[in-house]
Amino acid sequence: MNEELKALAEFFPPEKPLYAVGGCVRDELLGRKVYDVDLTSACLQEQAECFAERAGMRVSLGSKRLGTVIIKGKGSYEYTPFRVDSYPAGSGVHKPSSVRFTADIREDARRRDFTVNALYKNIKTGETVDLLGGVSDLKNRLLRAVDDPMRVLGEDGLRIMRLYRFVSVLGFDAEEGTAHAAREKSPLLYDIAPERIRVELDKLLAGEHVGAALRGLVNCGAMAVILPEFCENIGVKQNERFHKFTVDEHIIKTVEYAPEGVRLAALLHDIAKGRCVKEEGNMYRHADAGARMAEEIMTRLRYPKAEIKRVTRLVALHMTDMRGDMRESKLRRFVADNADIIDDLTSLIIADAKATCGEDMVDMDKCLRIARLRDRMKAEGIPFSVGELAVSGKDVMAFGYRGKQVGKVLEELFTLTLQGEKVNERQTLLSVLNKRKNND
Ligand code: ATP
Ligand code: MG
C-alpha cells in the first residue's frame, strides 16, 4: 500500500485499524493492476472524516445512509464503515432496504458477494485478513458466494452479473453451488436498473475470458433476462459450406476475437439472424434488421446516443464487400462516408471471419481491402468530404453559381477527386470550374 494510506492508517486507533478491502486486495494478491482502493474499518463516518483531515487529506461526504466518505490525497479513496445490509425479501433490487453499522469485521465480510472480494488488508501491518477462505479460493481460481449462495445471489440480482464479470476478467470459475444459485436466481435481474446492467455488461465484455462469461450468462438464464434477443439465435444452424458453428456460438466466438472497443458490436452483429430465419426463412437482411434490433437493445440498456449510433452502424455495415468484389468506385464512396469507423469495421470483419471458418482460414487480403483502400486514398491526398476540397463555396460562387447550385457543383468536384479523376489542388479544380462554366 502506498505511503499516504500508511500515514492515514496511523490516525486510526489500534483496536479499530484501517483496512483496504475488496477488489484492490484481490487484485494485488493476484499481481494484477489495482485501479481503485476501497477502505473500511470499525470507525464511523465522522471519525474517519476527522482522521483523514488530520492526515492532511481532503474529505467529502458520500452517502450518509451507507456512511461513505470520499478521501482525497494523491489518490482518491472510498471509505465505508463495517456494515450489515438488509434487503427486502423476494426482490432482487440492488439497493439495501436498511443498513446497520457494526464493529465486527466478520459481519462486514458476509454482506459482500464473493469470498475473493471479502479479503481485507490491514494497511498498517500489511497483514491479509481472510475470514471466509478467500485466499484459498483465489488460489483455486473460484468465485464462491460469501455465505449460502441462494441468500447471497437472492438478495441482489446484480451479483449474478458481477459473478460473470469476474469470470470474464479474472478467468475464474463459478463454484458449483454459486453457479447453481445463479441459475435459480437469474429472474431477479428483472429488478435491476438497466444502466447498472449496462455497466456490468461493458466490464464483462472487456474481460479476457469473455467467451466463458457469455456462455455462463446463457446457461444460468441471465442472458434471457438482459438480452433475450441473443437467445433467439441459440441452436440456429447456418449454411455449413461457410459456417462451422450455430449462430449463438458464432456470435460468442466473434466477441472473443474482437478487440475491446468492438465487442458490443460483435455481440450484436448477427443478433437478427434467428429472427430473420423464423420470419423470412433466410438471413439475407440480417444486417439491417440487426442494426434496428441493436438500436432497440442499446436504448433499453441506456447506452449513450453516440455509442448507439456507432454500434448500429457497425452492425448495419458488417457485411460490406463480403465477397471482396465490390466496385472500387463504390468502395471509395463507402470509405469517405464511413471514414470514422473503418478501423472498427475492419476489426469486426476480421473477427467475424475468424469465427466463421476458423482462425487459420481467413482471407486477410479480403478483410483488409477497405482499410487498405482508405490508407491509399489518404496517402494520395484524396478528400473524404466536401469540406476537405481545395476550393470552397466562395470559389464556386465566384463563377456565378448561386443557391443550391453551389452545393451541387461542390458535390461534382468532390466526386471527381474522390474517384481520382482529378487531383485535389486548387488550380486544377479552378480550371474544372472554368471549363464547366464555359459549357453551361
Ligand atoms: P472492480 O473495482 O474491479 O470493479 P471490485 O470487486 O472492487 O471490482 P467494487 O464495485 O469496486 O468491485 O466494490 C468493492 C467491493 O464491494 C467488492 O469487492 C465487494 O466486496 C463489495 N461489493 C460491491 N458490489 C457488491 C454487491 N452488489 N454485493 C455485494 N458486495 C458488493
Ligand atoms: Mg473496486
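**Figure 1. The salt bridge between E155 and R151.** In this predicted model, E155 and R151 form a salt bridge in which the closest N and O atoms are 3.0 Å apart; the term denotes a side-chain nitrogen of Lys or Arg within 4 Å of a carboxyl oxygen of Asp or Glu. Both residues belong to helix α6 (residues 149-155) and sit 4 residues apart, about one turn of the helix. Helices (H or I, at least four residues) and strands (E, at least two) are DSSP runs numbered from the N terminus. E155 is buried, at 14% relative accessibility, whereas R151 is partly exposed, with a relative accessible area of 26%. Here buried means under 20% relative accessible area, exposed means over 50%, and partly exposed lies in between (1.4 Å probe, protein chains only).

**Figure 2. The salt bridge between E328 and R376.** The side chains of E328 and R376 meet in a salt bridge of 3.6 Å, N to O. E328 is in helix α18 (residues 328-337) and R376 in helix α21 (residues 369-379), so the pair ties together parts that are 48 residues apart in sequence. E328 is partly exposed, with a relative accessible area of 32%, and R376 is partly exposed at 39%.

Figure 3. K408 forms a salt bridge with E412, with 3.9 Å between the closest N and O atoms. The two residues lie in helix α23 (residues 404-418), 4 residues apart, about one turn of the helix. K408 is partly exposed, with a relative accessible area of 45%, and E412 also counts as partly exposed, at 33% relative accessibility. Elsewhere, salt bridges that share partners join D147, R151, E155, D156 and R159 into one network. The count of salt bridges comes to 37.

**Figure 4. An open sheet of 7 strands.** The strands run in the order β3-β4-β5-β2-β1-β8-β9, with mixed pairing; two strands pair if DSSP finds at least two bridges between them. At the edges are β3 (58-61) and β9 (128-130), each of which pairs on one side only. From one strand to the next the twist averages 30 degrees. Axes are lines fitted to C-alpha atoms, for helices over the stretch in contact, and angles run from 0 to 180 degrees between N-to-C directions. Strand β1 (residues 19-21) pairs with strand β8 (residues 119-122) in the antiparallel sense over 3 bridges, and V21 stands opposite Y120 in β8. Helix α3 (residues 45-54) packs on the sheet and touches β3, β4 (69-72) and β5 (76-81), where contact means heavy atoms within 4.5 Å. The direction of helix α3 makes about 160 degrees with that of β3.

**Figure 5. Residues around ligand 1.** Of the 16 residues around ligand 1, R26, N117, D156, R159 and R165 come nearest; a residue is near a molecule or strand if one of its heavy atoms lies within 4 Å of it. An N or O atom in the side chain of D38 is 3.5 Å from an oxygen atom of ligand 1. A polar side-chain atom of R112 is 3.1 Å from an oxygen atom of ligand 1. At D113, a backbone N or O atom lies 3.4 Å from a nitrogen atom of ligand 1.

**Notes to the figures.** Residues are numbered from 1 along each chain as its sequence is written, while chains are lettered from A and ligands numbered from 1 in the order in which they are written. In this predicted model local features need pLDDT of at least 70, side-chain atom pairs count only at pLDDT 80 or more, and totals for chains, interfaces and linings use all residues; side-chain values use heavy atoms, with hydrogens and water left out.

Note on methods:
Polar contact = N/O pair within 3.5 Å; in protein donor to acceptor, adjacent residues only side chain to side chain.
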